[in-house]
Amino acid sequence: MRVLLTGHQGYLGTVMAPVLAAAGHEVVGLDAGLFADCVLGPSPVDPPGHRVDLRDVTAEHVAGVDAVIHLAALSNDPLGSLAPELTYDINHHASVRLARLARDAGVRRFLYASTCSVYGAAGSSDLVTEDAPLRPVTPYAESKVRVEDDLHALSDGDFSPVFMRNATAFGHSPRLRADIVLNNLVGHALLSGEVLVLSDGTPWRPLVHAADIARAFTAALTATREAVHDRAFNIGSETNNVTVAEIAEQVAEAVSGSKVVITGETGADPRSYRVDFSRFRAAVPGFDCEWTVKQGALELADAYRKHGLTREDFEQRFTRLAVLRAASDAGAVDDTLRWRR
């Protein structure tokens with residue numbers, strides 16, 4: 001299968017591309033390259049691809065493609081809150097435009113990287129299924145809900161959108177992100193000796209390793225149409241439904257000599273939800289997540305030590321908001337996050 005992978009030079013895309021290739025798929029990448037240099041360790045070998053802003057995609061980019069895996073987005077809550085209009089422009093409008101182009105080009109399957117944060121303030125400790133009310137509390141999560149709605153309207157007998165609601169990602173990637181919870185806490189533990197939690201530690205977070213996300217998308221590519229057509233799936237494992245305080249304790253166990261410090265300075269986070277992941281396991285028999293939070297913390301600590309993670313890299317090069325601010329300050333991108341060169 002010839003697969004267009006958007007965001008192939010991002011945190012998840014860099015992990016996913018070789019998994020797709022190993023499964024026998026021909027991978028073509030598409031990425032603006034904003035985070036292509038966020039590399040920890042040896043530079044990854046990317047698939048052939050297009051260096052293009054998602055807002056500038058044309059019919060040529062989807063010609064001859066059997067399926068699209070759409071990861072590219074402004075990818076976390078602080079960034080979305082900083083520039084909500086760009087979040088909607090890129091994450092929502094450009095994503096729907098890509099889907100229309102893909103459908104018109106004869107692409108049959110469109111796997112969309114949504115998020116469990118669409119459940120937002122779930123308001124209960126019960127496990128949340130895909131049929132639960134959506135309560136997004138950030139522009140990032142709201143943009144995901146809007147795309148799901150619009151892709152549903154595009155679905156037909158030939159075009160199958162699939163909504164992959166990923167839990168919060170963790171784990172090592174050659175293109176690192178340090179601004180997601182487990183990756184961040186492991187970095188703080190190694191660099192300062194403290195597992196620093198700014199909230200009160202009580203919110204629930206479902207976590208999933210980047211490699212398990214890659215495996216799930218690869219499985220969804222070849223699942224039967226009846227199993228996945230126009231359906232939403234939570235991607236993760238019930239084992240990894242944990243509170244932020246529990247994540248911190250697992251990090252302290254993985255990083256010898258570190259201690260948990262819960263400051264509570266940001267108060268209680270309204271984003272709290274425990275998630276049921278059984279629908280995807282039922283739709284794709286044989287699939288299950290392989291990574292636990294503890295294993296991920298150990299993997300990250302080993303990678304950080306091996307590749308010499310520094311505080312400057314941790315706070316600047318591997319934090320999405322800092323990368324974009326630095327590019328803007330240097331005049332490399334304009335105020336719409338388009339490259340000037």
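Tutor: This is a predicted model, and the count in it comes to 4 aromatic pairs. A pair of aromatic rings is described by the distance of the centres and the angle of the planes. The rings of phenylalanine 110 and phenylalanine 159 have centres 6.0 Å apart and planes at 55°, so this pair is tilted.

Student: Which parts of the chain does the pair of phenylalanine 110 and phenylalanine 159 link?

Tutor: Distant ones, since phenylalanine 110 belongs to strand E5 (residues 109-115), whereas phenylalanine 159 lies in the loop between helix H5 (139-154) and strand E7 (160-166), 49 residues apart. Both phenylalanine 110 and phenylalanine 159 are buried.

Student: What is the geometry of the rings of phenylalanine 280 and phenylalanine 287?

Tutor: Their centres are 5.2 Å apart and their planes stand at 80°, so the pair is edge-to-face. Phenylalanine 280 is buried, with a relative accessible area of 2%, and phenylalanine 287 is buried as well, at 9%. Together with Phe233, Phe280 and Phe287 form one aromatic cluster.

Student: Which residues touch the most other members of the largest nonpolar core?

Tutor: Of the 65 residues in that core, they are Val68, Phe110, Leu151, Leu182, Val186 and Val251. Helix H4 (residues 84-104) supplies the largest share of this core, 8 residues. Leaving aside residues up to four places away in sequence, valine 186 touches Val251, Val255, Ala297, Leu300, Ala301 and Tyr304. Another core, of 46 residues, lies apart from the largest one, and Phe233 and Tyr273 are among its members.

Student: How should I read charged side chains, and how many salt bridges are there?

Tutor: Side chains of opposite charge can pair when their charged atoms come close. The count here comes to 18 salt bridges. One of them joins glutamate 148 and arginine 165, whose closest N and O atoms are 2.7 Å apart; this pair links distant parts of the chain, with glutamate 148 in helix H5 and arginine 165 in strand E7, 17 residues apart. Glutamate 148 and arginine 165 are both buried.

Student: What does the charged end of arginine 146 sit over?

Tutor: It sits over the ring of tyrosine 88, 4.2 Å from the ring centre. The side chain of arginine 146 also meets that of glutamate 142 in a salt bridge (3.2 Å, N to O), and both residues lie in helix H5, 4 residues apart, about one turn of the helix. Arginine 146 counts as partly exposed at 31% relative accessibility, as does glutamate 142 at 24%.

Conventions
Residues numbered from 1 in each chain as written. Predicted model: local features only at pLDDT ≥ 70, side-chain atom pairs only at ≥ 80, totals over all residues. Heavy atoms only, no water. Phe/Tyr/Trp six-rings, centres within 6.5 Å; stacked < 30°, edge-to-face > 60°. Helix = DSSP H or I, 4+ residues; strand = E, 2+ residues; numbered from the N terminus. Buried < 20%, exposed > 50% of the residue type's maximum accessible area, 1.4 Å probe, protein only. Lys NZ or Arg CZ within 6 Å of the ring centre and 35° of its normal. Core = buried A, V, L, I, M, F, W, Y, C linked by side-chain atoms within 4.5 Å. Contact = heavy atoms within 4.5 Å. Salt bridge = Lys/Arg side-chain N within 4 Å of Asp/Glu carboxyl O.
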